[in-house]
Amino acid sequence: DKDVSVSFFETVIRCVAAMISLYDLTEDELYLHHLRTLMDNLLPAFSTQPLGFPASDVNLLTGNISVAHCHGECVVFADIASIQLEFNAACDRLQDYKYCALSDHVLNAMDPKHAQYAMKQVPIIAGHYPILIRL
């Protein structure tokens, strides 16, 4: 628990993935403890309104978030739609499905065939998504 703001995406792909890999290699429960702490400290990133997509930065101690694009109004598609592997692996290792629910929500909200589809006003060409998604 440090009072530092980190890039959500970079922390997920590097630190979360590392904790999962280290646990898988060693089966040392210490890595699960650190994984749970880190995952819980990242959760406030999903408090963006109205979509609940992860913010670009989150403070690991305070939970304060910031969105770096479009004057705080947009998130990067690649940053939010590529975290599911790590979040689902964390769910599996920790047996705590709150992490899966949050990361899966992102994909569900961007699927035009899903009831939670959040981008109704954005014209989508089949198979194409915008680089930036307005919150």
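1. Ground rules. Because this is a prediction, local features need pLDDT of at least 70 and side-chain atom pairs count only at pLDDT 80 or more, while totals for chains, interfaces and linings use all residues. Residues are numbered from 1 along each chain as its sequence is written, and side-chain values use heavy atoms, with hydrogens and water left out.

2. Disulfides overall. Searching the whole structure turns up two disulfides (a disulfide being a pair of cysteine sulfur atoms within 2.5 Å). If you number the bonded cysteines of the chain in sequence order, they pair 1-2, 3-4.

3. Cys70 and Cys74. The sulfur atoms of this disulfide sit 2.3 Å apart, and the link is left-handed, with -95 degrees about the S-S bond. Cys70 is partly exposed at 26% relative accessible area, whereas Cys74 counts as buried at 3%. For the cut-offs, buried is under 20% relative accessible area, exposed is over 50%, and partly exposed is in between (1.4 Å probe, protein chains only).

4. Cys91 and Cys100. Here the S to S distance is 2.1 Å. Cys91 is buried, with 0% relative accessibility, and Cys100 is buried too, at 10%.

5. The largest pocket. Its volume is about 160 Å³. A pocket, on a 1 Å grid over the protein atoms alone, is an open set of points with protein on both sides within 12 Å along at least five of seven lines; lining residues have an atom within 4 Å of a point. Grid points are joined across faces, edges and corners, and a volume is the space filled by probe spheres set on the points. Asp1, Lys2, Cys15, Met19, His34, Thr37, Leu38, Asn41 and Leu60 line the pocket. Of these, Cys15 is partly exposed, with a relative accessible area of 36%.

6. Who builds that pocket? Helices α1 (8–26) and α2 (29–42) each supply at least two lining residues, and α2 has the largest share, four residues. Helices (H or I, at least four residues) and strands (E, at least two) are DSSP runs, numbered from the N terminus. The lining comes out as four nonpolar, three polar and two charged residues. In that count, Ala, Val, Leu, Ile, Met, Phe, Trp, Tyr, Cys and Pro are nonpolar, Asp, Glu, Lys and Arg are charged, and the others, Gly among them, are polar.

7. The cavity. One cavity of 30 Å³ or more is found in the whole structure (a cavity is a set of points where a 1.4 Å probe fits but cannot get out). The largest cavity holds about 70 Å³ of space, and its lining includes Phe8, Phe9, Pro54 and His69. At least two lining residues come from each of α1, β4 (74–76) and α3 (77–80). By class, seven are nonpolar, two polar and one charged.

8. Helix α5. This twelve-residue helix (98–109) reaches 17 Å from its first C-alpha to its last, close to the expected 16 Å (1.5 Å times one less than the number of residues). Its buried residues are Tyr99, Cys100, Ser103, Val106 and Ala109, and they pack against α2, α3 and α4 (84–94).

9. Ser103. What does Ser103 contact, leaving aside its neighbours within four places in sequence? The partners are Phe46, Ile83, Gln84, Phe87 and Asn88, where contact means heavy atoms within 4.5 Å. Ser103 lies in α5 and counts as buried because its relative accessibility is 0%.
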